[in-house]
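Dear colleague,

I am handing over the structure below, and my notes on what was found in it follow. Please read them with the model open beside you.

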Amino acid sequence: MTLANLFLVFIIGLCLGSFLTAVIYRLPKNEKIFFDRSKCPHCQNIIKWYHNIPLISFIFLRGRCAYCGKKISLIYPLVELLTAILLVLVYSKFYQGFLTFIFFTIYILIGITISFIDLKTKEIPDILSLPLFIFGITFSTLGYNPKVYGFELSLISGLAGIGLLFIINEIYYLLTKRDGLGMGDFKLMAGIGSYFSYYSFYYVLLYGSIFGVFAFFIWRIYQRLLNKEIIEEKTDLLKTEIPFGPFLFIGSLFYLFFH
């Protein structure tokens, strides 16, 4: 592993992150992802290639469209930078196994896309979660997954992930008389299980819940600072909708890098 290789992975990560922003923006709207040039969402002008260089263009344009001057969403540089950093971390951990690096890169790319779509729409598209499950099983079956060995464990763990969230959702329903998790969360957990086995579930849920609670209280503080109306009753706090997919993904990343 050399600094040149790390820099190359970082640049590739920025480019892949730029592509992910297009997927995040277009997939929920059923727009074309490939073979369709990027446009400003405000003025609809086609963005020139030198205005679309990952991260660099955002900095030089000072976060504004080159045509209409409207602010560019922070999601674009955030996804690009996050993708680059995570790919560097994955490469640093698994650089000795190229296919292992590739399979975990696929996990990172799909996980980031799922997380930001879930934050925006509170939905996780099947076209993303189901392939994650299939990739996890394939990865483990071929023997390139250091977290899960073999087809059986990967498959059983994926199905166990669905079952575990189903039980959690049923308990939540008994307390609130409403579902707390969606089918998208179930399928995402199946993908996490196929990649990391059911041994990871305790840590994934622990880390994910901690970050979820922390994010919830940060959001409530933000609402207070903006003087937005918020519900204070303790009984209604359990009914606040929070996309759980991003926090499951965060929990799985902590398991990936620290276990």
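Val204 lies in helix H8, which covers residues 201-225; helices here are DSSP runs (H or I) of at least four residues, numbered from the N terminus. This is a predicted model, in which local features need pLDDT of at least 70 and side-chain atom pairs count only at pLDDT 80 or more, while totals for chains, interfaces and linings use all residues. Residues are numbered from 1 along each chain as its sequence is written, and side-chain values use heavy atoms, with hydrogens and water left out.

Val204 has a relative accessible area of 0% and is therefore buried, where buried means under 20%, exposed over 50%, and partly exposed in between, computed with a 1.4 Å probe on protein chains only. Not counting residues up to four places away in sequence, Val204 touches Met189, Ile192, Leu248, Gly251, Ser252 and Tyr255, contact being defined as heavy atoms within 4.5 Å. By contrast, the C-alpha atoms of Val204 and Lys71, 133 residues apart along the chain, are separated by 35 Å.

On the H7 side the contact is made by Asp185, Leu188, Met189, Ile192 and Phe196, which meet Gly245, Leu248, Ser252, Tyr255 and Leu256 in H10.

**H1 and its cover**

Helix H1 (residues 3-26) has 24 residues and reaches 35 Å from its first C-alpha to its last, close to the 34 Å expected at 1.5 Å a residue, the expected span being 1.5 Å times one less than the number of residues. Among the buried residues of H1 are Gly13, Gly17 and Leu20, and what covers the buried residues of this helix includes H3 and helix H4 (98-121). With neighbours within four places in sequence left aside, Thr83 is in contact with Gly13, Leu16, Gly17, Leu20, Leu109 and Ile112, and Thr83 counts as buried because its relative accessibility is 0%.

**Cysteines**

How many disulfides are there? The count comes to zero, taking a disulfide as a pair of cysteine sulfur atoms within 2.5 Å. For Cys65, the nearest cysteine sulfur is that of Cys40, 3.7 Å away, and Cys65 is buried because its relative accessible area is 13%. For Cys68, the nearest cysteine sulfur is that of Cys65, 3.7 Å away, while Cys68 itself is partly exposed at 32%.

**Loop residues**

Phe35, in the loop between H1 and helix H2 (56-60), is exposed, with a relative accessible area of 88%. Gln44 also lies in the loop between H1 and H2; its phi is near 65°, a positive value in a residue other than glycine, and at 47% relative accessibility Gln44 counts as partly exposed. Arg62, in the loop between H2 and H3, has a positive phi near 60° and is exposed at 76%.

Best regards

Notes:
Helices (H or I, at least four residues) and strands (E, at least two) are DSSP runs, numbered from the N terminus.
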